[in-house]
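Please prepare a short briefing on the packing of secondary structure elements in this model.

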Amino acid sequence: MNLEKVIFGFFIVLALTLNFGYFIGDMDNPAHHHVYELYAAIVVNLIATVLKFGDRTQIGAVHLATSLVADLQLITAAILFAAVSGTPSEATMINHVVSLSGGALLANIISVILLIAETVTLRR
Amino acid sequence: MRTPLIAVIVSFAIAVSGLSLMPGAVIDGEVSRLTLFEAFYIISYTATTIGFGEIPYAFSTAQRLWMTFSIYLTVIPWFYAIGKIISLFQDSGLRQAVTTARFARAVGNLHEPFYIICGYGETGALLVSALDRGQIRVVVVESMQDRVNDLELEDYQFDIPALCADARLPDVLLKAGLRHPMCAGVAALTDHDQVNLAIAIAAKLINPDLKVLARADNEETAANMASFGTDHIINPYALFGDHLAMEVHALGTYLLHEWLTGVPGSSLPSPACPPIGRWIVCGYGRFGKSVVENLQRENITTTIVEAEPELTGCEDCIIGSGAEAKTLEEAGVRDAVGIVAGTDNDINNLSIVMTAREMNPDLFVVIRKNHRYNEPLFEHFNADITMQPSDIIAHECLAHMISPLLAMFLSMMRSQTNAWANQLISQLVGVVGENVPETWAITIDYHHAPALYNFLSWGKTITLENLLRDPSNRDNKLDLVPLLLLRDNQPTLQPKADLTLRPGDQILLCGQPSARDAIPLTLSKYKALSYILDGTEIPDGLVWRWVSNRFSNRRKKGT
């Protein structure tokens, strides 16, 4: 029972789930996308990125790459949201925020798939 | 590195979410709250201790309570993280890796012939400065960081890549360019024989054709090095004894040798002729042994004074350090003609010669100087000959590094008479002045002297005298003297001025720096060469050449 692997897996899966939770729902309905969930997704994604530092294997490199992609997309979404929230164009611009978070979702899915593959091949 | 970053992220997360949830001021009957973005903005400038103000409205009590809590929560992890990241960049392992990589890259970018010098002590410093003046590139490997710092503070013409590492490690030598196609040689000049031996072996194994010069203080190390083919083994003590003998019987030859292997631009020391008679030699170590052997070969009787005869293997000597008057009396200082103070302690040496001079003011004094930092004492004392191991090694290395022709010239010179050497010296002084001249070699082949080579292959006759003319004014002669001509592996000393040049010749020249700069013009520019040969100026551009051809053709046809 490896505590480090538990924490590593926990944060990666949590990042994916929070991201998915934010993304799901009608794209143009702001009521379906709570900003706090986006915020939580950003925080947990950043922590997951930091946890992926320092791994020198090929799989570690791809993990880090996907995490950075997800960070990039989510932070862009947050900036866009901060810019348009409160303004009348929020109703239309919310689409863009959600689609960016959708991109981040794909990156997180790839990261989780890599995690599963790593775990399955390890078997110990 | 992970912990501080995660601490920052978590503390920020808590502070921001808390601040955005806290009830704010009541505006138009509604409780206003900060949005997430505004909360993030406020916490950002709070954690980094910038501190603007409370935006957009003044905070309510609840918000201020939370702000107080988040100030302490975020500022501490922030500074912890910054401190950790800065200390990571200062990690010595990282720094060393970056320095080594930069060094290897600098060496890889060299595209001129260069020498690897291992050891930047007094000898290394002297040699590097001489090579730098001679426009020869150098790479330095030295194990003490202080000395590498000294090198970086020196004002050299060229950029000298230097690494602080143990030169014994083959990996270090490889990074310094042992396998580089432009590497011309390795000089192992460290203070320890074992290290020099290791460097010589590594060089010979990895790159057998490379020239290796190594310093060897002990006989066994020297023999060891010779056994696997080290090109030049330099034993400063043996060399000094040899030079002393040269000074006794052929002063002119010795002077010429010193002159040609010195640092260009420095002044020559005035010559001193050691007298023939009975000499006292104090100290029978390696230095003493070499001096005694050489002096006895010149038929000079010696009396040896040695403090520990069993240690050094001296059979017939006076026991004592030589610094007391009593010992010197016993050795017969009053009727000796010369004294050699050759112990490895500078203060002892100075004490010996001071006592001796007091008892016999006409003594010829030869003193061994071990450390450069005692230079003021030795300068003040002004002995007739001061021997410094590092000078001798550096001069010997220079003799081989400047050009193989110079080494050939110096060894041929030994077999000439003293009168010949004196005549050459006066000729050189007349042409290049009293300071140490620059010495360099030119090769007449397509790469180094395209114009000359082409002219020769088209059948033009060019003599050595033409080469010695100033390309800017053919009536002036350049300040240089040709010393040696190598043709078909046959060396000729002092080639005559009317010698016809042939492709493949190599000539050793000696002269002023201005002459050294002018020669490449003669060798590679057609215009300069044809001007020197017959005073005609070849036109520069295509157009004028065509025009002048047409005119000269017309004149030839008689129109």
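In what order do the 6 strands of the open sheet in chain B lie? The order is β11-β10-β9-β12-β13-β14, with parallel pairing. This is a predicted model, in which local features need pLDDT of at least 70, side-chain atom pairs count only at pLDDT 80 or more, and totals for chains, interfaces and linings use all residues. Residues are numbered from 1 along each chain as its sequence is written, while chains are lettered from A and ligands numbered from 1 in the order in which they are written.

**Sheet in chain B**
- The edge strands, each pairing on one side only, are β11 (318-319) and β14 (385-387) of chain B.
- Strand β13 (residues 364-368) of chain B pairs with β14(B) in the parallel sense over 3 bridges; pairing requires at least two DSSP bridges between two strands.
- I367(B) lies opposite T386(B) of β14(B).

**Helices α1 and α2 of chain A**
- Helix α1 (residues 3-23) of chain A packs with helix α2 (residues 35-51) of chain A at an angle of about 150°, their axes 8 Å apart.
- α1(A) is therefore roughly antiparallel to α2(A) (angles over 145 degrees count as such).
- Residues in the contact (C-beta atoms, placed from the backbone, within 7 Å) include F8(A) and F11(A) of α1(A) and V44(A) and I47(A) of α2(A).
- By class, this contact of α1(A) with α2(A) has 14 nonpolar, 3 polar and 1 charged residues.

**Helices α17 and α18 of chain B**
- Helix α17 (residues 389-402) and helix α18 (residues 404-414) of chain B pack at about 120°, with axes 4 Å apart.
- A399(B), H400(B) and I402(B) of α17(B) meet L406(B), A407(B) and L410(B) of α18(B).

Conventions
Axes are lines fitted to C-alpha atoms, for helices over the stretch in contact, and angles run from 0 to 180 degrees between N-to-C directions. Helices (H or I, at least four residues) and strands (E, at least two) are DSSP runs, numbered from the N terminus. Angles under 35 degrees count as roughly parallel, over 145 as roughly antiparallel, 65 to 115 as roughly perpendicular and the rest as oblique. Two residues are in contact if their C-beta atoms, placed from the backbone, lie within 7 Å. Ala, Val, Leu, Ile, Met, Phe, Trp, Tyr, Cys and Pro count as nonpolar, Asp, Glu, Lys and Arg as charged, and the others, Gly among them, as polar.
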